[in-house]
Amino acid sequence: MTKTSTVLTVTGIAVGSLLAYAIYFDYKRRTDANFRKQLRKDKKRVAKSQASSETPASSGSVGEDDLKTALEKVRNEEVPASPEEKEKYFMSQVGMGEQLSAQGPAFHLAAAMCFYRALRVYPSPVELIVIYEKTVPPPVFQLVMQLTNMDVSSPSSPAGTGGQGTRGRCAWLIVRRPESSVKLRNMRTIGYYDCFPAKSMNVAVKTIEVPVNGQPGTFTKKKVLVCTKDFEPGDIIYKEDAIVTALDMDLQGKGTHCSYCLRSMDPSTAIRPASDRLNSTYCSSECQDNAKTYSETLLFSLESPLPEALAPALPASVTATRDKAQQAFAEYLQKSGKAAPQLVARFIARQVSAETAKMIPPALRARGGSDLVLTDGGDYTLYDHLERLRYLEVTPSEEETKLLKEVLQSALPGLEQFVTEERHATYLGGMRYNAFGVYFGEGRDDKPEPTERPEDVEKTRTPCGTQKQVGAGFYAVSSYLNHSCNPSTRPSFNNGTAQLHLIANRALKAGDELTVAYVDVSQKEGEGITDARRRRRMEVVRGWRFPCTCERCANESDGVDEGPANDESKVSEVVRKVEGV
């Protein structure tokens, strides 16, 4: 194998593991108090270990000249300047180092160089050395320590804060670091709503206190979406594109609707990719390119999820394994007929797309897939948005988790580590709680009737009823819209795609809460007020597990309530502790 192809192969493997490693590492560093406590205990021991390794020792076939050459190469590389650039650089180098370490002794020096580069920009190098000692293979860790000691002791080490040896640079970074990881995590959580939603959306997220059902004098906190300016009935408050969509499975492959934007179309004009496991169809080349960039290539196609310039041809055995995994997952999605598992898979794929885009020069990126801007400033990931939302406590089937992991692993080895049972359950519960149904006009009348028990039927936030939708979408801002049986707004898809337009139902003043109907709240012909109230409340309980406490339900009450006494939806532990909701 040539040197060029070796580098490209390693690059392809490393990108796959980056997301799993980066998210896990960053999460533990920011949120696990025991983890941080143990790091502090280990600092003195690591300092002694570093001092005792001042004289470089042999590590496999790596000689002192090789180490000097490697060190000189790293020294001559430009170090990112801004905190955001340093964080991205750190994540990419750690992910690459992890994967190179697994390739065998021939790659140990290259792996050590990656870990050493990450050490140069990390705010607390001593803590990072502790982590390296516990997680990096010993031969690679020894090389990292040798590079560190050579950098410190070398007479040619540049002076000054911008180019000093590692030990001096470490001290400078520790003095300069502005906050601890705990404080940083709190800042990311608390400061989030200063940036989100973007002010151009004309809305803001507020925290309010609401009474606990059946417990007089007891209150709890919840997030609500409010408008930031006045609106008249019929005004468009904002327009929002879906982060991910899922066409109803009974429509998939028919060519009547675009699998990306969900637009209605003539089957004779549909674009049909040759190797798509879901038999997706698209209304335009733009939608096809976006779908490929965000999820299709990773999940349902045998094309490489990396740009051609970085992805060598895969062996036939790898392609066969990937094909088998995709076929099995596609068959599962078709059989289940539910949107949430597909939304979860596409959301993970879009995360991967966002992370890999940061590592790839613009000239090498695939067509389509423009950046999704959800905030006014701040470096927030898609996970940051989903993490703050309410979710239902659900248990994915073992088969579903297994199939999804196999698809990810076959595409980018290492990525499957990201899909733990706990995270998969949280993602699935988040989609089930927050997804909106996409419908056009009065909705469709040809959706197959569900055969499951009523409490097991998947529901989406669809004012005309889930049976009327053509598909589902997940929206970052609209997820904060709470339910009301007398809603102040309504979602509209009158541009013919999954883009959600939020329309005012009545005159609104700045600061008013915005609500939508999650279910059909109309009173049907021949249905009394009491029966209509019971029906819609049962639908809310079955779909979202909370009792409706809106003014209309209170006014129409006959003294009998359906479902749980309290809201059974959840928020993440981090959000609960920091924000108190």
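How many cavities of 30 Å³ or more does the count come to?

Author: This is a predicted model, in which local features need pLDDT of at least 70 and side-chain atom pairs count only at pLDDT 80 or more, while totals for chains, interfaces and linings use all residues. Residues are numbered from 1 along each chain as its sequence is written, and side-chain values use heavy atoms, with hydrogens and water left out.

The count comes to 2 cavities of 30 Å³ or more. Rolling a probe the size of a water molecule over the atoms shows where empty space is left. A cavity here is a set of points, on a 1 Å grid over the protein atoms alone, where a 1.4 Å probe fits but cannot get out; lining residues have an atom within 4 Å of a point. Grid points are joined across faces, edges and corners, and a volume is the space filled by probe spheres set on the points.

The largest cavity holds about 50 Å³ of space. Its lining consists of Arg432, Glu455, Val457, Glu458, Lys459, Arg542 and Gly543. Sorted by class, that lining has 5 charged residues, 1 polar and 1 nonpolar (Ala, Val, Leu, Ile, Met, Phe, Trp, Tyr, Cys and Pro count as nonpolar, Asp, Glu, Lys and Arg as charged, and the others, Gly among them, as polar).

The second largest cavity has a volume of about 40 Å³. Ala339, Ala340, Leu343, Met431, Arg432, Ala435, Glu458, Lys459, Thr460 and Ala472 form its lining. Helix H13 (340-359) and helix H16 (421-434) are the elements that give two or more residues to this lining; helices (H or I, at least four residues) and strands (E, at least two) are DSSP runs, numbered from the N terminus. By class, the lining of the second largest cavity divides into 6 nonpolar, 3 charged and 1 polar.

Strand S4 (residues 244-247) runs antiparallel to S6 and is joined to it by 4 bridges, where two strands pair if DSSP finds at least two bridges between them. S5 is also antiparallel to S6, with 3 bridges. Glycine 471 in S6 stands opposite leucine 247 and opposite valine 438.

The whole structure has 16 aromatic pairs (rings of Phe, Tyr and Trp, its six-membered ring, with centres within 6.5 Å; planes under 30 degrees apart count as stacked, over 60 as edge-to-face and the rest as tilted). One of them, phenylalanine 196 with tyrosine 480, is tilted, at 5.8 Å centre to centre and 50° between the planes. Phenylalanine 196 lies in the loop between helix H10 (192-195) and strand S1 (203-211), and tyrosine 480 in the loop between strand S6 (471-474) and strand S7 (482-483), so the pair ties together parts that are 284 residues apart in sequence. Phenylalanine 196 is buried at 1% relative accessibility, and tyrosine 480 is buried with a relative accessible area of 5%. The rings of tyrosine 439 and phenylalanine 493 have centres 5.7 Å apart and planes at 75°, so this pair is edge-to-face. Both tyrosine 439 and phenylalanine 493 are buried.

Methods: Buried means under 20% relative accessible area, exposed over 50%, partly exposed in between (1.4 Å probe, protein chains only). On a 1 Å grid over the protein atoms alone, a cavity is a set of points where a 1.4 Å probe fits but cannot get out, and a pocket is an open set with protein on both sides within 12 Å along at least five of seven lines; lining residues have an atom within 4 Å of a point.
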